[in-house]
Amino acid sequence: MEQELTLLLDEHLRQYPQAQPQDFYKLLYQREFGCGHLAPAPKSAERFLREELARTEPPEFREETVKDAPEECIPGVVEPIGNGLCRVHLDGVWNGEAVRLLTRVFCATAKTHTGDAARFHTALDILCRWAADTPEAAAMRETIGALLADGCPAVHHSAAYRRAYAPSYRVVRRRYVDAWPALLRAQRAAERAALGVPALLAIDGRCGSGKSTLARLIAEVFGCPVFHLDNFFLPPELRTADRLSRPGENVHHERFLREILEPFVAGRPVRFRPFDCSVGAMGQEVELASAPFAVAEGSYALHPALRAHYAASVFVTCVPEVQRARIARREGADALSAFDRRWIPLEEAYFRAYDVPSLAGLILDTTDFSTD
């Protein structure tokens with residue numbers, strides 16, 4: 001922890017030489033607790049964000065225009081601060097769509113990120129040691145001591161910092177920033193669904209690439225249900241040689257269509273029994289109320305029998321070395337050989353047979369994504 005924080009503090013001093021002790025305290029406070037102390041309500045959070053963008057010089061905000069929306073990356077400069085968090089600076093070309101999404105990930109960060117007071121106190125000790133050989137050592141000790149005595153409150157940037165840098169940013173989870181292009185697709189589908197027609201976003205892609213993680217992030221941001229193709233593994237009685245010889249037929253897509261996709265897009269509740277691979281049998285029935293927007297996640301989600309029911313789709317991928325390392329971490333080294341022999345070749349045959357990546361609305365490469 002000390003080495004990581006020392007590097008962070010060194011970089012912060014390099015970027016912001018006018019920073020005062022309370023600015024370094026604020027950095028570590030945000031690194032530990034994120035924006036949770038604000039407990040923002042979505043409507044007020046969006047209003048404050050729009051007001052802050054209106055004050056930027058020069059003004060770089062454009063209202064609605066999906067055609068101008070940033071597709072590949074978040075509009076503002078992203079400044080990692082550690083602990084899975086970053087500052088997104090409001091210095092890019094923002095439009096209404098991007099503002100709504102930043103508001104959503106900001107609010108989701110407040111709900112999903114929690115800090116630890118003891119760890120924060122340790123970080124403050126490291127800060128004081130880091131500053132010990134500088135002219136600001138006494139001021140740092142005095143400031144930190146006073147804030148500790150006051151119960152470690154959230155603070156504003158110092159006047160000197162505000163004059164020098166005019167800070168304007170939001171603290172959000174780094175994973176939301178990584179997934180920004182996919183979250184934009186989800187937002188467009190969710191907002192269309194809010195007009196009255198239920199919508200599904202499909203996430204297909206390579207095992208170990210982060211499909212389930214992306215689905216969870218979308219669920220956190222949009223509060224939507226997620227339907228997993230893994231719950232529709234092909235039962236033993238259907239595993240005929242003829243069926244398994246055809247690409248993409250090792251999932252029970254007929255049942256997924258009948259029990260998930262068709263009732264969902266019709267606005268009806270969804271009822272299904274997940275297949276439990278550990279015992280080779282169906283589990284207890286699950287019932288989910290109708291919803292305007294949901295995610296269908298898993299390998300074979302974009303099977304030809306299913307793809308017409310989606311409003312949007314994402315294909316998730318990563319380089320083979322990263323894929324194998326993730327599978328080994330998740331499943332264990334022994335299980336990796338089974339993926340190499342069976343599951344990866346089956347997926348790749350399906351991708352080739354139906355040209356799956358090119359059919360997806362977005363290809364998301366997670367090779368370099370944050371692991372925090």
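Two strands are taken to pair if DSSP finds at least two bridges between them, and the elements themselves are DSSP runs numbered from the N terminus, with helices being H or I of at least four residues and strands E of at least two. The model is predicted, so to keep things honest local features need pLDDT of at least 70 and side-chain atom pairs count only at pLDDT 80 or more, while totals for chains, interfaces and linings use all residues. Residues are numbered from 1 along each chain as its sequence is written, and side-chain values use heavy atoms, with hydrogens and water left out.

On those terms, β2 and β3 make a hairpin with two residues between them, and Asn83 in the turn has a positive phi of about 60°. Strand β2 (residues 78-82) and strand β3 (residues 85-89) run antiparallel, paired over four bridges; Pro80 has Cys86 of β3 as its bridge partner.

Elsewhere, five strands build an open, parallel sheet in the order β7-β12-β6-β13-β14. The edges go to β7 (226-228) and β14 (362-365), each with a single partner strand, so one side of each has no neighbour in the sheet. From one strand to the next the twist averages 20°, with axes fitted as lines to C-alpha atoms and angles running from 0 to 180 degrees between N-to-C directions. Strand β13 (residues 312-317) pairs with β14 over four bridges in the parallel sense, and Val314 is bridged to Leu362 of β14.

On to the rings. Those of Phe, Tyr and Trp (its six-membered ring) pair if their centres lie within 6.5 Å; planes under 30 degrees apart count as stacked, over 60 as edge-to-face and the rest as tilted. Searching the whole structure turns up 20 aromatic pairs. Tyr25 and Tyr29 are one of them, tilted at 35° between the planes and 6.2 Å centre to centre. They sit four residues apart in helix α2 (residues 21-33), which means a separation of about one helical turn. With buried meaning under 20% relative accessible area (1.4 Å probe, protein chains only), Tyr25 is buried at 0% and Tyr29 counts as buried at 11%. The rings of Trp94 and Trp180 have centres 6.5 Å apart and planes at 90°, so this pair is edge-to-face. Trp94 belongs to strand β4 (residues 94-95) and Trp180 to helix α9 (residues 180-193), so the pair ties together parts 86 residues apart in sequence. Both Trp94 and Trp180 are buried. Tyr300, Phe315, Tyr350, Phe351 and Tyr354 form one aromatic cluster.

Key
Buried < 20%, exposed > 50% of the residue type's maximum accessible area, 1.4 Å probe, protein only.
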